[in-house]
Amino acid sequence: MNSPTSSWTIYEPIAKVRSVKDLSIYYGTETGNSRFVAETIAAEARARGAEVSVEDLVNVTPSRLTVPGRPVVIVISTWNRGKPPFYARRFCEELEKGTVRMDSVHYAVVGLGDEHYELFCACGRNVDAALEKAGAVRFAERVDLGASFRKLAPGVAKTLLDAMAKLP
Ligand SMILES: Cc1cc2nc3c(=O)[nH]c(=O)nc-3n(C[C@H](O)[C@H](O)[C@H](O)COP(=O)(O)O)c2cc1C
């Protein structure tokens with residue numbers, strides 16, 4: 001005989017409600033330091049339950065950033081008097097032309113450099129400004145990392161993801 005409660009079905013939640021958004025992380029690098037920072041941010045995001053892509057800017061055009069509802073983090077170093085890393089030059093040139101509108105894009109930039117250079121993290125600064133000019137909306141202030149980037153990267157990751165969690 002059925003028990004009095006047998007007609008009740010208890011549904012498990014289909015998916016956990018997550019406060020973290022899926023995101024795309026792009027890096028521009030010459031010696032791998034920006035990739036290290038990008039991977040550190042990705043590891044923290046995955047630990048919070050996000051689906052994360054991490055990609056070298058060498059393969060990316062600015063229009064790829066415009067995925068609705070998917071925030072973007074760009075980690076990029078500076079070389080030779082404020083220039084982008086070699087492999088990210090094409091991306092930076094296209095971005096600075098300003099031909100792609102970025103109105104739906106939430107973004108944050110992490111610049112890498114060395115405090116001994118006059119144009120410390122200039123490329124990160126330029127990318128941040130170009131995104132803003134193209135209409136993108138910054139969800140966290142740019143961070144400029146110098147020689148101690150390895151030590152600081154985990155804290156930067158937490159700060160960025162806490163800020164991202166506040167996005168609507
Ligand atoms: C030849 C050379 C030029 C550099 N020029 C700059 C510069 O103009 N501004 C800056 O902040 N850092 C400069 N750097 C420091 C690099 O940006 C720093 O080492 C960074 O961590 C490299 O990151 P990446 O491996 O992701 O390219 C320069 C380093 C070298 C070796």
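**An exposed loop and a paired strand**

Biologist: Is N80 buried or exposed?

Modeller: N80 has 12 other C-beta atoms within 10 Å. The structure is a predicted model, in which local features need pLDDT of at least 70 and side-chain atom pairs count only at pLDDT 80 or more, while totals for chains, interfaces and linings use all residues. Residues are numbered from 1 along each chain as its sequence is written. With C-beta atoms placed from the backbone, 20 or more others within 10 Å make a residue buried, 12 or fewer exposed, and counts in between partly exposed, so N80 is exposed.

Biologist: Between which two elements is the loop that holds N80?

Modeller: Most residues other than glycine have a negative phi. N80, however, has a positive phi, near 40°. Helices (H or I, at least four residues) and strands (E, at least two) are DSSP runs numbered from the N terminus, and the loop with N80 runs between β3 (72–77) and α2 (89–97).

Biologist: What is the phi of R81?

Modeller: R81 is found in the loop between β3 and α2, and is exposed, with 9 other C-beta atoms within 10 Å. R81 is a residue other than glycine with a positive phi, near 60°.

Biologist: Over how many bridges do β1 and β2 pair?

Modeller: Strands pair if DSSP finds at least two bridges between them, and L23 stands opposite V52 in β2. Strand β1 (residues 23–28) and strand β2 (residues 52–56) pair in the parallel sense, and the number of bridges is 5.
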